[in-house]
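Thank you for coming, everyone. Please bring the structure up on your screens, and I will walk through a few places in it.

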Amino acid sequence: MARLLLLLAGFWLGILMASWVMATVNFRTVDRVLGPGVRPEMATRLEPIAAEDRRIVLRHLASEINRWMFRSWAIAQLVLGALALVAAGRLSGPARGLVGAALLLVVIQLAVLTPAIASVGRSIDFLPRPLAPEVGRRFGILHAAYVGADFAKAILVALSAWSVARRP
């Protein structure tokens, strides 16, 4: 069971880190696609649309992709976390508690944070920038809570793997 837990923890950490990269890349791609190196075909097709509207529409698309990715990834983490908890169930040491705590964070993200971020995110996708302070603050707090939970989860999963790997 220790090897299975190590495999699941490695997969969980790898996909978790990949999701952070993908979320960032989605938004940076919008700026890259609309930047100075824009393809002529793209520029021609987007010409009738105001420059700011192009950016808003493509950032909305990136937001929808990220919302789908994080919701789907949270469901996958439920499965991974449950399997990791089963694998840690018969092991001595802190692994079971660490994985259980990480799994609890997944449940909180899926049940509370993901729907709240999606709702606020959709409500601000087409608003002019800068956002009203109270709206920007609310989204910022939700986003920080989600990111904080992700980092805490990564630390918990890594510690569980480390506690199993260092056993004699």
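Let me begin with Ala62, which counts as buried because its relative accessibility is 4%, where buried means under 20% relative accessible area and exposed over 50%, with a 1.4 Å probe and protein chains only. This is a predicted model, in which local features need pLDDT of at least 70 and side-chain atom pairs count only at pLDDT 80 or more, while totals for chains, interfaces and linings use all residues. Residues are numbered from 1 along each chain as its sequence is written, and side-chain values use heavy atoms, with hydrogens and water left out.

Ala62 sits in helix α3, a helix being a DSSP run of H or I of at least four residues, numbered from the N terminus. From Ala62 to Val135 the C-alpha distance is 20 Å, and the two are 73 residues apart in sequence.

Now to the largest pocket, which holds about 760 Å³ of space; a pocket, on a 1 Å grid over the protein atoms alone, is an open set of points where a 1.4 Å probe fits, with protein on both sides within 12 Å along at least five of seven lines, and lining residues have an atom within 4 Å of a point. The volume is the space filled by probe spheres set on the points, which are joined across faces, edges and corners. Its lining has 29 residues, and Phe27, Asn66, Ile117, Phe139 and His143 lie nearest the centre.

Which helix gives the most to this lining? That is α3, with 10 residues.

Finally, Met1, in the segment before α1, counts as exposed, at 51% relative accessibility.

Definitions and conventions:
Helix = DSSP H or I, 4+ residues; strand = E, 2+ residues; numbered from the N terminus.
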